Amino acid sequence: MRHHRRLAAALVGAALVLSACSSGSDTAVTGSPTCPDGDAPTAPAGPDALPVATLGVLGADESVSTACLVGTPLVVNFWAEWCGPCKAEMPDFEAVHQALGDQVRFVGIDLEDRPDAALAFAAEVGVTYDLLEDPDGAYFRAAQGRGTPQTLLVAADGSVRYRHAGPMTRATLEDLLAEHLGVAA
């Protein structure tokens, strides 16, 4: 129960931070919402750009444009509560998130899952990074996902620098962040 309250508080905080960049629908961005810094999001361009869409905040009645996530190096991890390898790697992702602080933004995107089960698992692990949801897998497909877990390492300019299908350990994630994004603990 204590974990559920802590996760609920974290999600409310994330929703407040992300709400400046939110909209009321789960469709692709068509207007020009503002990001937390007050600027309109700049959609990454090019064939390796992070796709732009509006996704719901897991467990909240808020949504966020993925264009607002760029600006700092980014780890995007597609996961699901029903995915054993996803569950196995999530504590390592949280550990790296804690070790790196503000150097890299972590975003977990829950894929085709039951929100209540996903929230319960995230609470059990103690996840503190942003959690979004992709209930029908459309964003996963747009991001060229090829199986879960799937991790994207995204540069500050929004370009996807590395894609990894399958689980990762803490050491592997740290090595890949150093190699592809120049970020080290």
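This is a predicted model: local features need pLDDT of at least 70, side-chain atom pairs count only at pLDDT 80 or more; totals for chains, interfaces and linings use all residues.
Student: In what order do the helices and strands run from the N terminus on?

Tutor: The chain holds 5 helices and 7 strands. Read from the N terminus, these elements follow the order α-β-β-β-α-β-α-β-α-β-β-α.

Student: Among contacts between residues at least 6 apart in sequence, what percentage join residues at least 24 apart?

Tutor: A contact here requires heavy atoms within 4.5 Å. Taking the contacts in the chain between residues at least 6 apart in sequence, the share that joins residues at least 24 apart is 69%.

Student: Is F93 buried or exposed?

Tutor: F93 belongs to helix α2, which spans residues 84-100. The cut-off for burial is under 20% relative accessible area. Because the relative accessibility of F93 is 0%, this residue is classed as buried.

Student: Which residues does F93 contact, leaving aside its neighbours within four places in sequence?

Tutor: A contact means heavy atoms within 4.5 Å. With the neighbours within four places in sequence set aside, the partners of F93 are V75, N77, F106, Y129, T151, M168 and L173.

Student: How far apart in space are F93 and G108, C-alpha to C-alpha?

Tutor: In sequence, F93 and G108 are separated by 15 residues. In space, their C-alpha to C-alpha distance is 9.4 Å.

Student: Which elements each supply at least two residues of the lining of the second largest pocket?

Tutor: The second largest pocket has a volume of about 190 Å³. Its lining consists of T72, H97, Q98, G101, D102, V104, R105, F106, T128, Y129 and D130. The elements that each contribute at least two of the lining residues are α2 and β4 (105-111).

Student: How many residues in the lining of the second largest pocket are polar?

Tutor: Sorted by class, the lining of this pocket includes 3 nonpolar and 3 charged residues. The number of polar residues in the lining is 5.

Student: The backbone nitrogen of which residue lies 3.1 Å from a polar atom of the side chain of S65?

Tutor: S65 is part of strand β2, residues 63-65. This serine counts as buried because its relative accessibility is 1%. At 3.1 Å from a polar atom of the S65 side chain lies the backbone nitrogen of A67.

Definitions and conventions: Residues are numbered from 1 along each chain as its sequence is written. Side-chain values use heavy atoms; hydrogens and water are left out. Helices (H or I, at least four residues) and strands (E, at least two) are DSSP runs, numbered from the N terminus. Buried means under 20% relative accessible area, exposed over 50%, partly exposed in between (1.4 Å probe, protein chains only). On a 1 Å grid over the protein atoms alone, a cavity is a set of points where a 1.4 Å probe fits but cannot get out, and a pocket is an open set with protein on both sides within 12 Å along at least five of seven lines; lining residues have an atom within 4 Å of a point. Grid points are joined across faces, edges and corners, and a volume is the space filled by probe spheres set on the points. Ala, Val, Leu, Ile, Met, Phe, Trp, Tyr, Cys and Pro count as nonpolar, Asp, Glu, Lys and Arg as charged, and the others, Gly among them, as polar. A polar contact is a pair of N or O atoms within 3.5 Å; within protein, one must be able to donate a hydrogen and the other to accept it, and residues adjacent in sequence count only if both atoms are side-chain atoms.
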